[in-house]
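Student: I have a model open and want to learn to read its features. Where do we start?

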Amino acid sequence: MGKRRGGRELLRGLSKRQKKHLREFGEEHPFHDKLLLLLLLHSCFPFQSEDSDKSSAESDSETEVEQVSVYHKLLATLKTSPESESEEEEDESESEEAEESEAEMDSEGSQETGEADGGEEDKNDVPEEEEATDAAEQTLGQEQDDGADTSCDPRHGVTEEFTDVKHESEFSLETNFMEEESGDCNTDMRDGNPFKQHMDKELEEKEIEKMSALSKTSSQSQWPRLGQVTFSSTLEKHKTLKADKEVDVKQLYLHKPLESTWPKVNKQFLSSVNKPSDSSFTPLQRELFSVMNTYRDLFYPERNALTNGEEIRHAYCLHALNHVLKANAQVLSNNAKRRDQKPGTGTDDYRDQGLTRPKVLMIVPFRECALRIVHIFISLLEVNDKKKIDVSNKKRFKGEFGSDPEEKPPNLKRPEDYEAVFAGNIDDHFRIGVAILQKSMRLYAPFYSSDIIIASPLGIRTVIGAEGEKKRDFDFLSSIEILIIDQADIYLMQNWEHVLHLMKHINLLPLDSHGVDFSRVRMLNLNNWSKYYRQTLLFSALQDPQINSVFNKHCFNYSGQVAVRNVPLTGSISHVVVQLPHVFRRLEAESVTSVIDARFQFFISKVLPEYRDAIMSHTLIYVPSYFDYVRLRNYFKKEDLNFTHICEYTKKAAVCRARRFFLKGEKQFLLFTERFHFYKRYTIKGIRNLIFYELPTYSHFYSEICNMMKATDNGVDATWTCTVLYSKYDAQKLAAVVGIDRTAQMLQSKKNVHLFVTGEN
């Protein structure tokens with residue numbers, strides 16, 4: 001009763017909009033929070049100095065205590081509070097009406113049914129505080145019903161999330177021994193084993209100083225499948241990596257069960273083209289795994305959810321599981337040796353552990369990704385149908401990480417890549433520990449008893465906490481040996497600041513011993529050199545300055561870094577199927593920090609005046625950054641322009657009204673954010689003039705938005721226009737849209753570039 005009463009008092013102090021936003025997002029809307037806007041600006045533009053990083057962290061710590069803690073307290077009372085229950089019912093009915101309206105709008109062409117919501121007229125002076133997507137609403141309710149992993153943490157006054165305490169002794173590395181019939185450890189410790197070579201190498205002080213002070217030297221090579229590969233290292237100079245033409249599973253030093261299970265698990269991706277001697281890997285997997293198995297860092301920016309996403313997932317799961325099995329086998333074998341040794345014998349030969357047990361951290365965007373990873377682990381550990389491994393809490397895991405196919409709204413057509421990315425359970429707030437010991441797997445293991453941690457950026461961020469919080473924990477990250485960040489591009493659409501926060505707290509010395517036996521801890525961990533041994537595997541669908549920055553500035557592996565750097569030859573403009581003139585207008589900026597203001601001034605002084613005339617109606621302005629969107633919206637209000645706007649916080653009823661007003665020409669301009677398009681992928685009808693305020697993050701969004709023009713039958717082709725703003729700092733995005741050859745010409749010339757696309761070419 002006390003918790004309910006406290007929650008109601010907190011609810012009374014908030015407006016209805018604030019309550020709903022806190023329930024969905026766990027924070028106030030950035031419209032009301034200047035500090036959060038500064039943090040958003042910093043996360044969008046990581047080129048700022050270290051001083052700005054520090055100030056951002058300070059502002060984050062100030063807001064975290066006030067907002068997140070209040071949210072978690074509210075979360076415990078939302079389900080039992082009559083006030084919140086009534087609000088949820090209202091929201092659900094409103095969402096259903098808006099969803100019905102959306103389905104009809106998609107299927108009936110120009111016939112709009114947005115009036116069915118019965119809401120107020122969309123007024124520009126009302127700030128948007130509610131998200132357009134229904135994913136957060138659905139998953140929040142699911143988390144409350146499950147009663148586990150509800151983004152909860154004891155420090156916020158909420159019921160502690162479920163962890164498996166029952167099997168603690170069964171999965172303890174300290175009290176178990178290698179099975180007598182198993183000779184896995186002796187096999188794993190053979191000469192030439194990459195695991196042994198990497199972890200047993202003893203670096204010297206001068207080598208550490210060299211890596212900290214000197215810049216890396218790079219070399220490039222051409223691989224058959226990966227393409228242009230760049231190898232960078234401080235310790236290894238003038239070394240060129242060559243791709244392995246053929247790979248024999250027996251030569252990869254895989255842990256014993258994986259040699260037999262991997263070919264079966266990976267069979268779905270293989271074709272008859274594969275050679276008999278290379279029948280276990282696809283060409284892409286072979287080259288990726290050859291890099292992974294050398295324990296070098298890897299950045300692969302060509303992951304595609306439709307084509308090679310699952311291939312890559314299987315490859316890094318094999319590598320992670322192989323590493324964990326070898327590490328645990330070494331510990332269990334040494335346990336047996338210590339048990340049998342004579343009293344008084346030195347134990348310095350048995351340094352085989354880190355300061356904490358977790359060895360692998362896997363960052364993935366959605367629960368569905370975690371579900372698939374665990375299924376791959378189980379398949380790799382089961383030798384045959386008769387020898388099933390024991391998986392603790394498997395039923396609970398499927399219930400919380402699985403999805404109900406009936407929950408998906410019917411008759412909503414979306415692109416194939418959207419369906420692939422947002423398949424299954426798309427909750428983005430989760431974390432789970434996995435312990436693996438010989439022939440058993442333990443799900444929901446406490447972090448300090450886990451070998452592998454699978455989490456989303458938000459899920460790991462809420463555990464790490466912020467500077468100034470009394471109870472925060474990141475000691476479990478101290479001895480991470482493999483960090484896997486999959487689908488990094490999606491975190492740009494979620495919150496990139498969470499990834500940066502993780503990178504700042506990984507491989508730090510723990511604040512507590514956590515019961516470790518220091519006689520078993522490797523010297524590299526005691527010397528605080530863990531980050532120089534950590535392997536980072538980074539997979540993304542695109543090359544982006546923020547992702548590149550993480551790979552270049554936060555990866556210190558002494559073995560070096562391997563990055564795939566292919567340049568696009570044609571660009572996504574070749575997929576535009578409507579006849580449309582494209583005008584690329586170059587703006588000048590003195591530095592990368594001034595380009596934000598330079599773009600805004602260029603837009604309001606040079607571009608916008610050309611579109612103020614009523615004849616230039618039906619103008620959609622595509623804005624990738626939410627910060628820029630707010631700035632433009634405020635300016636349009638100040639100038640009293642006839643416009644409407646849609647962003648990721650716009651509620652469904654308002655989205656329907658905005659689309660209807662824009663289609664009928666009642667509103668001349670439509671401000672449209674990239675994050676809304678990423679999460680919803682609606683077809684906006686009625687576009688005659690298109691302005692890209694900045695080049696899109698995803699290059700295929702360019703052709704998608706341009707091709708929306710064909711959805712309007714009453715438009716005149718000759719009057720269609722497309723204007724793109726760019727600067728010399730947009731070289732990567734520009735190349736992805738127009739191709740590398742045109743990019744070079746456009747960056748050399750300071751004149752505007754006119755391109756005319758006559759259809760798909």
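Predicted model: local features only at pLDDT ≥ 70, side-chain atom pairs only at ≥ 80, totals over all residues.

Student: Understood. How do I describe two packed helices?

Tutor: Two values do it: the angle between the axes and the distance between them. Take H13, residues 367–381, and H14, residues 394–401. Their axes come within 9 Å and cross at roughly 150°.

Student: Are H13 and H14 roughly parallel or roughly antiparallel?

Tutor: Roughly antiparallel. An angle over 145 degrees counts as such, and the H13–H14 crossing is roughly 150°. The crossing is also left-handed.

Student: Which residues make the contact between H13 and H14?

Tutor: H13 supplies Arg-367, Glu-368, Ala-370, Leu-371, Val-374, His-375 and Ile-378. H14 supplies Lys-394, Phe-397, Lys-398, Glu-400 and Phe-401. By class, that contact has six nonpolar, one polar and five charged residues.

Student: Where do Asn-528 and Asp-640 sit?

Tutor: Both are in loops. Asn-528 lies between helix H19 (523–526) and helix H20 (530–533). Asp-640 lies between helix H23 (626–638) and strand E14 (643–646).

Student: Is Asp-640 buried or exposed?

Tutor: Exposed, because its relative accessibility is 68% and the cut-off is over 50%. Asn-528 counts as partly exposed, at 33%.

Student: And Asp-352: buried or exposed?

Tutor: Buried, at 2% relative accessibility. Asp-352 lies in the loop between helix H12 (309–340) and strand E4 (360–363).

Student: What is Asp-352 in contact with, leaving aside neighbours within four places in sequence?

Tutor: Gln-330, Val-331, Asn-334, Arg-520 and Arg-522.

Student: Last topic, cysteines. How many disulfides are there?

Tutor: The count is zero. The test is a pair of cysteine sulfurs within 2.5 Å.

Student: Is Cys-722 buried or exposed?

Tutor: Buried, with 1% relative accessibility. Cys-555 is buried as well, with a relative accessible area of 2%.

Definitions and conventions. Residues numbered from 1 in each chain as written. Heavy atoms only, no water. Buried < 20%, exposed > 50% of the residue type's maximum accessible area, 1.4 Å probe, protein only. Axes fitted to C-alpha atoms, helices over the stretch in contact; angles between N-to-C directions. Helix = DSSP H or I, 4+ residues; strand = E, 2+ residues; numbered from the N terminus. Parallel < 35°, antiparallel > 145°, perpendicular 65-115°, else oblique. Left-handed = near helix turned anticlockwise from the far one by under 90°. Contact = heavy atoms within 4.5 Å. Nonpolar A, V, L, I, M, F, W, Y, C, P; charged D, E, K, R; others polar.
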